[in-house]
Amino acid sequence: MSVRLRAMTVADLPRVMELEEELFAPDTWTEWMYRDELARPGTRRYLVAVDPDDRVVGYAGLIAYADEAHIATIGVTGARQGEGIGALLLDTLLAEADRRPTPVLLEVRADDAATQAFYARRGFSEIGRRPHYYPLSGADAVVMSREVRS
């Protein structure tokens, strides 16, 4: 795996938005949403995975409050999936979350069994469902949680 992680910046957003379209259309985040998230460094941590040419090939975000943390987003370009980049991004954010004594939550599309299994391998389990969670597609979400790690 020839990537390194670094903090996401506003300059990364054009490429992040390309990946949003590739991976999550029609339920993509907007550039404004990312700008808002990046403006909250006290409770947010967003990372990008970049190749040796500094091209963004993946990204992920964590929202961490005193009483709980959320994996806000994670994505890796299809051309690089299966290389462990998503696991590296997730494990890095989970290490950050583990610095607080809080559970970690996330939502994943109910029809995405592969991603649910990916999270289950990292200790997440289903705790509920959100009907029609994704507004444009109307897809349901599975809510998953990972208990506090010490």
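Which residue in strand 5 is the bridge partner of Ala69? The partner is Val104. This is a predicted model, where local features need pLDDT of at least 70, side-chain atom pairs count only at pLDDT 80 or more, and totals for chains, interfaces and linings use all residues. Residues are numbered from 1 along each chain as its sequence is written, and side-chain values use heavy atoms, leaving out hydrogens and water.

**Strands**
- Strand 4 (residues 69-76) pairs with strand 5 (residues 104-109) in the parallel sense, over two bridges.
- From strand 4 the chain crosses through helix 3 (residues 85-97) to strand 5, a right-handed β-α-β crossover.
- Right-handed means that, with the strands pointing away from the viewer, the path from the first strand over the helix to the second runs clockwise.
- Strand 5 and strand 7 (residues 141-146) run antiparallel, joined by six bridges.
- Val104 stands opposite Arg146 in strand 7.
- Strands are DSSP runs of E, at least two residues, and helices are runs of H or I, at least four, numbered from the N terminus.
- Two strands pair if DSSP finds at least two bridges between them.

**Thr73**
- Thr73 lies in strand 4.
- Thr73 is buried because its relative accessibility is 7% (buried is under 20% relative accessible area, with a 1.4 Å probe and protein chains only).
- Beyond neighbours within four places in sequence, its contacts (heavy atoms within 4.5 Å) include Glu20, Phe24 and Ala60.

**Rings**
- Trp29, Tyr34, Tyr46 and Tyr59 form one aromatic cluster.
- Thr73 is in contact with Trp29, Tyr34, Tyr46 and Tyr59, among others.

Definitions and conventions: Buried means under 20% relative accessible area, exposed over 50%, partly exposed in between (1.4 Å probe, protein chains only). Rings of Phe, Tyr and Trp (its six-membered ring) pair if their centres lie within 6.5 Å; planes under 30 degrees apart count as stacked, over 60 as edge-to-face and the rest as tilted.
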